Amino acid sequence: MKKIIFTLAAVCMLSACSLDETPYGFYSSDNFYKTEEDAESGLMYAYNALNYLEYLRGIWYLGDIPTETMYPKSDEPGDIHMLQQWTVNSETELTMYYFKYCYIAINRANTVIDHIQNSSGLSETARRRILGEAYFLRAWNYFNLVRTFGIVPVQTKMVAELSQTTPPMATGLDQLYDLIFGDLTRADNLLEVNKVFGRADKVAAQSLMAKAYLTIASSKEHNVHRYTEMRREPRIMYDSAAYWAGKVVRDYKNVYDFDTNLRDIYDVDKPTGPEHIFIM
């Protein structure tokens, strides 16, 4: 009898108390980007995507294992041996995760760009720096994607609804490199030289520009699949790579302590300068 009375009392107490909670506020992309601190936090969220373990592993596994500059240990997971044997496929987890986290990083960069490019709540100095770093991050991730997978989907806006989760495939490598060079040109124009560990600056944008041009030049010259279809000429790409690499080595030697001997490596005869980039 006592047990029944105790149970009834407990039920009455629960029924008298409301378990509903009233939300007093929440953050979303619509109400978050109002201050410089908000924008900085959004940018750090985009940088944070680079720290995913599957992303970090993918960079050097995909970049080194297939080239025979390093070999997997016998107890490495099967995916790593598939890379070494060039037998990866659409079900290889390593490449699936790498693809996934590249687009997570791209979406976070897109979110910053969409909210900051016309923001009035930031100082012009902060707006330019944060926007420039976001453009660099988007270019960096697309450069990794195009080198690893070739033609990939193009997503340049923040994903706000389900219908935006299936972006169209790029029409070719030219479209992807147009996007990469466009973003890096914007980053170069917006950023200053700012030697801060773990952050992109003007020198980072110009360095990646040189590497991207060199990738196209070497790949097309050596008849790499799909690069042969690009409209860009290897000689112009080599000149553009030399131009941007030369700027990095010569213009910022005192900031980044480059070896003076490196200056001679990039002193090409009358480099024509970078190809013309038309930015919409």
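## Q164, between two helices

Q164 belongs to the loop between α7 and α8; helices here are DSSP runs of H or I with at least four residues, numbered from the N terminus. Setting aside residues up to four places away in sequence, Q164 touches Q155, M158 and V159, where contact means heavy atoms within 4.5 Å.

A word on the basis of all this: the model is predicted, so local features need pLDDT of at least 70 and side-chain atom pairs count only at pLDDT 80 or more, while totals for chains, interfaces and linings use all residues. Residues are numbered from 1 along each chain as its sequence is written, and side-chain values use heavy atoms, with hydrogens and water left out.

## Aromatic pairs

A pair of aromatic rings is described by the distance of the centres and the angle of the planes. Rings of Phe, Tyr and Trp (its six-membered ring) pair if their centres lie within 6.5 Å; planes under 30 degrees apart are stacked, over 60 edge-to-face, and the rest tilted. By this rule there are 11 aromatic pairs. One of them joins F99 and F149, which is edge-to-face because the planes stand at 90°, with the ring centres 5.2 Å apart. This pair links distant parts of the chain, with F99 in helix α6 (residues 93-116) and F149 in helix α7 (residues 124-149), 50 residues apart. F99 is partly exposed at 29% relative accessibility, and F149 is partly exposed too, at 31%.

F143 and Y177 make another edge-to-face pair, 6.5 Å from centre to centre with 70° between the planes. Since F143 is in helix α7 and Y177 in helix α8 (residues 173-190), the pair ties together parts that lie 34 residues apart in sequence. F143 and Y177 are both buried. They also belong to one aromatic cluster, together with F181, Y213 and Y227.

## N144 in helix α7

Which residues does N144 contact, leaving aside its neighbours within four places in sequence? The partners are Y55, Y98 and C102. N144 sits in helix α7 and is buried, at 2% relative accessibility.

## Helices α3 and α6

Two packed helices are described by the angle between their axes and the distance between the axes. The axes of helix α3 (residues 36-48) and α6 come within 8 Å and cross at roughly 160°; axes are lines fitted to C-alpha atoms, for helices over the stretch in contact, and angles run from 0 to 180 degrees between N-to-C directions. The two helices α3 and α6 are therefore roughly antiparallel (angles under 35 degrees count as roughly parallel, over 145 as roughly antiparallel, 65 to 115 as roughly perpendicular and the rest as oblique).

On the α3 side, A39, G42, L43, Y45, A46 and N48 meet R108, A109, V112 and I116 of α6. Here the charged end of R108 sits over the ring of Y45, 3.6 Å from its centre (the test asks for NZ of Lys or CZ of Arg within 6 Å of the ring centre and within 35 degrees of the ring normal).

## Helices α8 and α9

Helix α8 packs against helix α9 (residues 202-221) at about 155°, with the axes 8 Å apart, and α8 and α9 are therefore roughly antiparallel. The residues in contact include Y177, F181 and L184 of α8 and A205, M209 and Y213 of α9.

How values were computed: Buried < 20%, exposed > 50% of the residue type's maximum accessible area, 1.4 Å probe, protein only.
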